[in-house]
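Biologist: I would like to go through some labels on this structure. Show me the model, and I will ask what each label rests on.

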Amino acid sequence: MSGILSLPIIDLSSPDHHSAAISIRQACIEHGFFYLVNHGVEKDLVTAFDESKRFFSLPLEEKMKLARKESRGYTPLDPTLGSKGDSKESYYIGSLADSTSVNLNQWPSEELLRNWRHSMESLYWKLFGVGKKLFSLIALSLNVDEDFFEKIGAINKPSAFLRLLRYPGDMGPHEEICSAHSDFGALTLLMTDGVPGLQICRDKSKEPRVWLDVSHMEGGFIVNIGDLMERWTNCLYRSTLHRVKRTGNERYSMALFLDPHPDCVVQCIESCYSESSPPRFAPIRSGDYMDERSRISPV
């Protein structure tokens with residue numbers, strides 16, 4: 001079963017932060033997803049998608065020279081995963097905000113793809129800025145100070161990964177090319193090339209699952225919160241199950257996964273619990289949580 005979902009639209013350029021925060025709160029309680037427009041990254045997206053396609057169109061032997069290490073670099077299509085309905089190739093760019101890990105990133109040579117690294121670094125930093133603004137609005141939506149996440153050391157040097165994805169266009173035996181999942185972390189900014197396929201399931205406990213199509217919004221991001229944000233808000237905000245459905249068309253997307261600094265302690269935000277609704281989860285270091293989740297369900 002499927003239908004089309006109408007998601008709230010958040011205008012990042014609006015001076016009325018209070019109204020934007022109210023809309024984010026409603027979106028995160030009801031859907032865990034929303035659109036973000038007027039974010040200032042529109043022109044960079046066009047360039048970045050062109051550069052992403054240039055990379056994925058390289059011969060496999062060239063891409064494998066940058067095979068994934070330390071969660072950075074290229075991951076090829078896996079025929080074994082494809083047989084289970086998870087078919088994509090990807091490229092990870094790790095944190096550029098942390099000097100201890102920035103050198104772990106891998107980059108195609110300038111001779112092979114001129115300006116590729118520059119384009120991706122530029123996109124990364126602009127998305128990083130958008131993410132910080134969103135964290136401020138999320139704080140307001142939770143009735144805490146606008147700089148709450150900064151004060152607790154969550155987003156000063158967050159763990160942010162940019163992931164480039166290519167889904168093949170061939171029709172396989174499975175309905176999905178990216179299997180149903182929720183994101184581990186706090187916040188995801190998703191950019192797509194306009195090819196449909198993204199679906200969400202608002203009630204993962206219901207059988208059979210009802211999948212709703214998320215339409216592409218030209219120039220806009222699709223934003224969703226992850227399991228760590230759900231934990232942070234005592235399950236007030238929803239980390240929603242989502243997948244990519246096979247359409248027979250090649251599909252490109254990019255996602256920035258913006259998570260707290262590994263040393264940040266994630267504990268129930270004060271406005272999210274009460275005597276009748278006590279904290280459901282013990283405090284945990286963000287890094288420990290992400291490591292634990294990665295061991296159980298590696299990406």
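Biologist: Why is Phe55 called buried?

Modeller: Phe55 has 0% relative accessibility. Buried means under 20% relative accessible area, exposed means over 50%, and partly exposed is in between (1.4 Å probe, protein chains only). So Phe55 counts as buried. Phe56, at 4%, is buried too.

Biologist: What should I know about the model itself?

Modeller: It is a predicted model, where local features need pLDDT of at least 70, side-chain atom pairs count only at pLDDT 80 or more, and totals for chains, interfaces and linings use all residues. Residues are numbered from 1 along each chain as its sequence is written, and side-chain values use heavy atoms, leaving out hydrogens and water.

Biologist: What makes Phe55 and Phe56 an edge-to-face aromatic pair?

Modeller: Two values matter. Their centres are 5.4 Å apart, with 75° between the planes. Rings of Phe, Tyr and Trp (its six-membered ring) pair if their centres lie within 6.5 Å; planes under 30 degrees apart count as stacked, over 60 as edge-to-face and the rest as tilted. Therefore Phe55 and Phe56 are an edge-to-face pair.

Biologist: Why are Phe149 and Trp232 called edge-to-face?

Modeller: Here the values are 5.1 Å centre to centre and 70° between the planes. The distance is within 6.5 Å and the angle is over 60, so the label is edge-to-face. Phe149 lies in helix H6 (residues 148-151) and Trp232 in helix H7, so the pair ties together parts that are 83 residues apart in sequence. Helices here are DSSP runs (H or I, at least four residues), numbered from the N terminus.

Biologist: How do you know that Asp44 and Lys126 meet in a salt bridge?

Modeller: Their N to O distance is 3.1 Å. A salt bridge is a side-chain nitrogen of Lys or Arg within 4 Å of a carboxyl oxygen of Asp or Glu. So the pair qualifies. Asp44 is in helix H2 (residues 42-56) and Lys126 in helix H5 (residues 116-141), 82 residues apart.

Biologist: Which is buried and which partly exposed, Asp44 or Lys126?

Modeller: Asp44 is at 16%, so it counts as buried. Lys126 is at 38%, so Lys126 counts as partly exposed.

Biologist: What makes Arg293 and Asp227 a salt bridge?

Modeller: The closest N and O atoms are 2.8 Å apart. That is within 4 Å, so the label holds. Arg293 lies in helix H8 (residues 286-296) and Asp227 in helix H7 (residues 227-232).

Biologist: How many salt bridges does this rule give?

Modeller: The count is twelve.

Conventions. Helix = DSSP H or I, 4+ residues; strand = E, 2+ residues; numbered from the N terminus.
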